[in-house]
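Subject: Structure handover

Hello,

I am passing on the structure for you to look through. My notes on it follow below.

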Number of protein chains: 2
Amino acid sequence: MKKILFLLLFPLLANAQNNTLITVRQYISSNQNELIQQFVKFLSIPNIASEKNNVENANWLVKDMQKRGISNVQILNTTSNTNAPAVYGEVKVNEQANTIIFYAHYDGQPVDTTKWSQGLHPFNPVLLSGSLNQHPTVLPFTQKEYNDQWRIYARGASDDKGGIMAILNAYTALMKSGIKPTVNIKFFFEGEEEAGSEHLYEILENNRQLLSADMWVICDGPVHQSGRKQIVFGVRGDTHLEITVFGSKRPLHSGHYGNWAPNPAMQLAKLLSSMKDEDGKVLIKGFYDDVIPLSNAEKIAIASIPYMDDSLKKELGFMIAEQPDKGLSESINLPSLNINGIQSANTGKLSANVIPVKAVASIDLRLVMGNDWQRQQQKVIEHIRAQGYYVTGKEPTDAERIKYPRIAMVEKSGGYNAQKTSLDNPFSKRIIAAVQNTITDKIVISPTLGGSLPLYVFEKYLHTYPITVPIANYDNNQHAENENIRLKNLWDGIETYSSIMCLRK
Amino acid sequence: MKKILFLLLFPLLANAQNNTLITVRQYISSNQNELIQQFVKFLSIPNIASEKNNVENANWLVKDMQKRGISNVQILNTTSNTNAPAVYGEVKVNEQANTIIFYAHYDGQPVDTTKWSQGLHPFNPVLLSGSLNQHPTVLPFTQKEYNDQWRIYARGASDDKGGIMAILNAYTALMKSGIKPTVNIKFFFEGEEEAGSEHLYEILENNRQLLSADMWVICDGPVHQSGRKQIVFGVRGDTHLEITVFGSKRPLHSGHYGNWAPNPAMQLAKLLSSMKDEDGKVLIKGFYDDVIPLSNAEKIAIASIPYMDDSLKKELGFMIAEQPDKGLSESINLPSLNINGIQSANTGKLSANVIPVKAVASIDLRLVMGNDWQRQQQKVIEHIRAQGYYVTGKEPTDAERIKYPRIAMVEKSGGYNAQKTSLDNPFSKRIIAAVQNTITDKIVISPTLGGSLPLYVFEKYLHTYPITVPIANYDNNQHAENENIRLKNLWDGIETYSSIMCLRK
């Protein structure tokens with residue numbers, strides 16, 4: 001029945017590429033149970049980047065890829081990192097063909113098991129009949145037919161073991177259906193993306209020849225909030241600052257000393273609030289100065305992105321955006337300053353009648369093309385100085401405490417710059433066509449993702465550009481509790497990647 | 001040897017009251033070991049107000065007071081509170097004499113045992129050779145002689161089992177030395193002061209006759225930071241607000257949504273910083289309006305308080321007071337707004353790349369004469385409204401979230417007003433004289449404590465005024481880890497209270 005449905009729905013897909021699509025769809029439709037069973041096994045292996053069991057994931061992948069007939073499968077590691085190696089494999093079509101290398105990562109964000117909804121657990125995957133706000137029921141994994149709206153819940157379901165499964169099954173679908181890819185394929189599955197990809201550049205540098213390709217296809221992140229497939233041509237850069245301001249050395253009774261001893265929580269509130277105006281614009285000197293303006297092609301692409309702001313606001317539960325005059329698509333093309341957290345003494349039941357000894361804010365800075373992450377950090381530090389603060393990198397000494405009226409300890413994280421691949425790159429155009437070919441809806445072309453990935457490394461160490469082709473549902477709870485993938489997104493992902501593997505001139 | 005020393009040091013103390021003082025000093029000097037052993041037993045009984053073992057403290061006190069020959073010793077309770085009763089006792093001199101009732105509390109603040117310094121524990125008292133910053137050594141409790149600078153570390157050592165021990169031993173010292181008090185003495189030891197004295201008014205109301213007196217002497221709090229004895233004639237009132245502001249309903253990825261989704265941590269920073277100017281003055285409309293100006297006698301008393309600000313700032317590790325133009329003594333005579341704590345998502349190692357869903361601030365408001373605690377709460381709420389917030393007492397509904405651009409949930413605590421006893425009250429003058437008589441240094445007369453105690457209840461339910469006569473060292477770590485009392489403060493306290501028990505016309 002399903003096969004007939006496909007033929008009815010896509011009567012216009014008549015060329016070779018569309019025959020490929022129909023064949024891949026038939027393969028998926030006939031093998032859903034097996035695809036899901038295999039995915040569940042993979043999801044059951046804990047995958048926190050900092051833990052040793054990541055090697056187990058890598059080993060599982062090596063065996064799985066070998067079983068699929070992929071060549072030259074191997075672990076890529078560095079001497080300093082044996083816990084989270086990368087996994088490599090390749091399929092050579094012929095020497096003259098272009099080479100596309102598919103990237104995904106098998107590690108996941110840390111988990112707080114207690115926060116997962118009842119019946120769910122990061123490493124015991126569960127199949128539910130929908131998203132949690134639909135009050136879904138639990139379903140057995142073995143089914144005769146699977147509804148497209150069902151979802152698998154587990155850490156990595158969407159970010160990013162789902163990506164790996166879609167890539168590998170795209171290849172298997174083609175191979176089992178007797179379709180030869182038009183490009184040489186390389187597979188590169190990272191094991192520490194969620195821990196900051198600390199060793200990625202070393203692995204790239206040590207394997208330049210092995211990893212040479214014409215384009216990296218990054219399989220990570222969600223499709224557009226409208227549900228449409230999207231291709232993303234860049235990422236924002238990212239860096240962090242942690243700011244601590246100080247009051248008395250010991251907690252003081254808020255009655256005996258309140259009004260007299262300085263309150264670091266109030267100082268921090270004033271400092272943070274000096275950084276943005278009422279309309280969310282950053283007031284730090286020169287904050288927007290380095291930004292390279294968008295190209296015309298990018299402006300057109302942004303203007304074509306479906307406007308989801310109003311329905312998103314309703315779903316997320318707020319009335320007005322931080323910058324009321326800017327939409328989401330415009331905002332993520334600007335550098336940002338965002339408070340990730342504030343902490344000073346305690347609130348709620350743990351609150352006590354004290355004047356806190358210190359107040360801490362974690363801030364992240366997202367960067368666009370033109371920004372330099374260290375220069376951006378420095379702008380914030382100069383702003384803190386301009387508010388009358390003595391800035392130090394360490395806990396203040398007693399001598400400093402009584403010398404300076406205001407003291408801020410600023411701890412700088414590492415960071416990296418934004419990256420962008422031109423929409424005019426010939427491979428960009430060919431990949432857009434390949435993805436567009438899998439659906440009748442117009443795909444979304446996003447000049448940048450709001451989020452960050454260290455994609456500059458591919459450009460810097462291998463002189464090859466990356467393009468991101470995400471597949472997960474946007475409401476996948478990435479990085480949080482109850483991570484999930486909708487089955488339709490998994491099937492769509494297989495189609496998308498198989499189409500790229502059959503890239504046309 | 002010690003006795004001779006006393007006689008040499010106080011050759012001028014020649015009248016009856018000073019003979020009493022000398023006798024009490026001799027008693028203390030000869031009984032230090034016994035006084036300390038008994039105190040250690042009392043401190044070893046855990047005394048968190050909300051826990052059941054507070055009854056054990058009350059029972060211990062009943063037995064101890066009976067042993068001392070105190071009459072009519074009894075537990076005072078309410079039907080609704082059987083865990084933290086008050087303990088009463090009395091000594092009648094004659095019907096015509098005035099009656100002084102001594103108040104202290106046996107319960108202590110909650111403890112976080114992990115924060116206590118190594119070797120210390122809230123309910124295993126330890127004797128150290130000094131304060132912790134002096135790198136003291138641990139000493140056995142049984143000694144032939146005790147240095148005045150040694151300190152006992154335990155929860156309640158200074159706040160306020162030390163107060164109870166000083167009161168009871170003041171009476172025992174007189175009795176064992178054959179000195180008859182000049183006033184009838186009543187003892188009232190509360191068991192839930194640190195939990196907010198929720199049932200105190202009921203106990204007072206139910207026992208008006210039993211608790212009738214000419215003056216309440218409150219034995220709680222520290223002496224002046226200069227080390228001088230002080231008498232305090234009032235307390236600030238106190239109430240709290242917890243303010244929560246809201247962003248998205250679920251935590252959002254700070255990359256994908258940063259710059260667009262509203263950040264409640266930034267909103268809270270702006271809201272809090274609107275409440276005070278750069279010089280610490282509260283900007284909330286009418287905040288200082290109700291304040292009853294200080295009397296001339298109070299102004300003179302405040303001007304006479306030793307100026308400790310500079311040495312305190314150095315010790316506490318800050319350069320400038322929150323209100324740079326005001327000293328500590330002046331500041332605590334004003335209403336205050338103090339942030340007790342702020343929390344929004346996480347900082348440090350737990351920090352994540354999120355836009356927090358909410359930000360919370362706990363605020364305490366201290367009140368002076370003229371302020372009404374509910375009116376003061378309302379002023380803050382009106383200020384929040386004036387900043388464009390919709391104010392609610394509950395978590396906002398989905399409908400409210402998309403109706404109002406800014407939402408603040410404000411949770412109001414209970415509270416009470418400030419209380420003051422006139423410096424011109426005849427008993428005020430007699431008690432000042434009694435305390436002044438125990439030392440040659442001028443005692444400190446403070447019109448108010450910066451801190452708060454529900455002293456209004458004595459005035460309201462018993463029509464009797466309270467005066468606070470504290471004894472603990474100011475650096476006693478009250479309410480925090482490593483609470484302690486310096487032995488000299490304990491001995492001085494016994495002298496002080498015995499002098500009040502021998503109050504002169």
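Strand 1 (residues 71-78) of chain B runs antiparallel to strand 2 (residues 81-91) of chain B, and five bridges join them. Pairing here requires that DSSP finds at least two bridges between two strands. Strands (E, at least two residues) and helices (H or I, at least four) are DSSP runs, numbered from the N terminus. The link from strand 1 of chain B to strand 2 of chain B is a hairpin of two residues. Within this pair, B:Gln74 stands opposite B:Tyr88 in strand 2 of chain B.

A word on the source: this is a predicted model, in which local features need pLDDT of at least 70 and side-chain atom pairs count only at pLDDT 80 or more, while totals for chains, interfaces and linings use all residues. Residues are numbered from 1 along each chain as its sequence is written, and chains are lettered from A and ligands numbered from 1 in the order in which they are written.

Next, the contact between the chains. It involves 76 residues of chain A and 75 residues of chain B, where contact means that C-beta atoms, placed from the backbone, lie within 7 Å. On the chain A side, strand 13 (residues 336-345) gives the largest share, nine residues. That side divides into 31 nonpolar, 30 polar and 15 charged residues. Nonpolar covers Ala, Val, Leu, Ile, Met, Phe, Trp, Tyr, Cys and Pro; charged covers Asp, Glu, Lys and Arg; the others, Gly among them, are polar.

Strand 13 of chain A also pairs with strand 13 (residues 336-345) of chain B, in the antiparallel sense and over five bridges. A:Ile342 stands opposite B:Ser344 there. Both strands belong to an open sheet of 10 strands with mixed pairing, in the order 16(A)-17(A)-11(A)-15(A)-13(A)-13(B)-15(B)-11(B)-17(B)-16(B). At the edges are strand 16 (390-392) of chain A and strand 16 (390-392) of chain B, each pairing on one side only. From one strand to the next the twist averages 25°.

A:Ser336 has A:Arg366 as its bridge partner in strand 15 of chain A. Helix 7 (residues 264-273) of chain A lies across strand 11 (237-246), strand 13 and strand 15 of chain A together with strand 13 of chain B, at about 20° to strand 15 of chain A. Helix 11 (residues 373-386) of chain A packs on the sheet as well, touching strands that include strand 16 and strand 17 (407-416) of chain A.

Another helix pair in chain A is helix 4 (residues 161-176) and helix 15 (residues 487-501), whose axes come within 8 Å and cross at roughly 55°. Axes are lines fitted to C-alpha atoms, for helices over the stretch in contact, and angles run from 0 to 180 degrees between N-to-C directions.

Regards

Technical notes. Two residues are in contact if their C-beta atoms, placed from the backbone, lie within 7 Å.
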